[in-house]
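Please look through the structure below before reading on.

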Amino acid sequence: KVTYKLLWHLLKCHRERLGAASNAALLYLIVENGRSSSFDIEDIVVENAEVIGGSRLQCTSLLDNQLSKVGTFSIGNSYGVATLLRLLRFMPNDQKERWLFDLLAMTLASSKSVEAILKCENE
């Protein structure tokens with residue numbers, strides 16, 4: 001839980017730099033497909049060799065692997081979705097709109113997604 005709080009602060013500080021690659025990384029962080037559970041945070045936030053003690057979002061492999069090929073998916077990481085919901089308040093409107101449409105699509109496709117969102121603490 002602490003790791004996700006720290007991730008939220010990191011994302012909030014760099015929210016103006018969030019784009020398609022970071023959206024893909026965050027999406028893979030929160031979803032669960034029929035074959036396996038969602039990625040661990042260690043798979044997405046990795047060490048940045050260019051900066052001592054730095055980290056970066058690993059998204060190259062995430063962009064190469066398309067969720068749509070897997071079929072329907074649902075939210076499977078409650079800490080991840082809580083982080084995303086908190087981040088929505090600070091995102092530009094175009095990014096906020098995209099995430100709201102994605103979250104709506106997941107809730108319409110799966111009751112498990114609805115349950116995951118309802119379990120999130122409002123911090």
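A nonpolar core is a set of buried Ala, Val, Leu, Ile, Met, Phe, Trp, Tyr and Cys residues joined through side-chain atoms within 4.5 Å. Buried here means under 20% relative accessible area. The model shown is a predicted one. Its largest nonpolar core has 22 residues, and those with the most contacts inside it are Ile30, Ile75, Leu87, Met91, Trp99, Leu103 and Met106. Two or more residues of this core are given by each of helix H1 (2-13), H2, helix H5 (78-88) and helix H6 (93-109). The largest share, five residues, comes from H5.

Leu103 is one of the core residues with the most contacts. Leaving out residues up to four places away in sequence, Leu103 touches Ile30, Ile75, Val81, Leu84, Leu85 and Leu88.

The helix H6 can now be taken as a whole. H6 has 17 residues, and from its first C-alpha to its last it reaches 24 Å, close to the 24 Å expected at 1.5 Å a residue. Which residues of H6 are buried? They are Gln95, Trp99, Leu103 and Met106. Seen down the axis of H6, these buried residues fall within an arc of 65 degrees, so they line one face of the helix. On the other side of H6, the exposed residues are Asn93, Asp94, Phe101 and Leu108. The buried residues of H6 are covered by parts that include H2, strand S1 (31-32), strand S4 (74-75), H5 and helix H7 (111-119).

Asn23 lies in helix H2, which runs over residues 20-30. Is Asn23 buried or exposed? Its relative accessibility is 5%, so Asn23 counts as buried. Apart from residues up to four places away in sequence, Asn23 touches Arg98 and Trp99. With Trp99 there is a polar contact, side chain to side chain, at 3.2 Å.

Ser74 is in strand S4. Ser74 has a relative accessible area of 8% and is therefore buried. Leaving aside neighbours within four places in sequence, Ser74 is in contact with Ile30, Val31, Glu32, Ser110, Lys112 and Ser113. Between Ser74 and Ser113 there are 39 residues of separation in sequence, yet their C-alpha atoms are 5.2 Å apart in space. Ser110, one of the contacts of Ser74, is placed in the loop between H6 and H7. At 14% relative accessibility, Ser110 also counts as buried. A polar atom of the Ser110 side chain lies 3.1 Å from the backbone nitrogen of Lys112.

Aromatic rings are the last topic. A pair of aromatic rings is described by the distance of the centres and the angle of the planes. The structure holds two aromatic pairs. In one of them, the rings of Trp8 and Phe90 have centres 5.8 Å apart and planes at 65 degrees, so this pair is edge-to-face. Trp8 lies in helix H1 and Phe90 in the loop between H5 and H6, so the pair ties together parts that are 82 residues apart in sequence. Trp8 is buried, with a relative accessible area of 5%, whereas Phe90 is partly exposed, with a relative accessible area of 30%.

Technical notes
Residues are numbered from 1 along each chain as its sequence is written. This is a predicted model: local features need pLDDT of at least 70, side-chain atom pairs count only at pLDDT 80 or more; totals for chains, interfaces and linings use all residues. Side-chain values use heavy atoms; hydrogens and water are left out. Helices (H or I, at least four residues) and strands (E, at least two) are DSSP runs, numbered from the N terminus. Buried means under 20% relative accessible area, exposed over 50%, partly exposed in between (1.4 Å probe, protein chains only). A polar contact is a pair of N or O atoms within 3.5 Å; within protein, one must be able to donate a hydrogen and the other to accept it, and residues adjacent in sequence count only if both atoms are side-chain atoms. Contact means heavy atoms within 4.5 Å. The expected span of a helix is 1.5 Å times one less than its number of residues. The arc is that of the directions from the helix axis to the C-beta atoms. Rings of Phe, Tyr and Trp (its six-membered ring) pair if their centres lie within 6.5 Å; planes under 30 degrees apart count as stacked, over 60 as edge-to-face and the rest as tilted.
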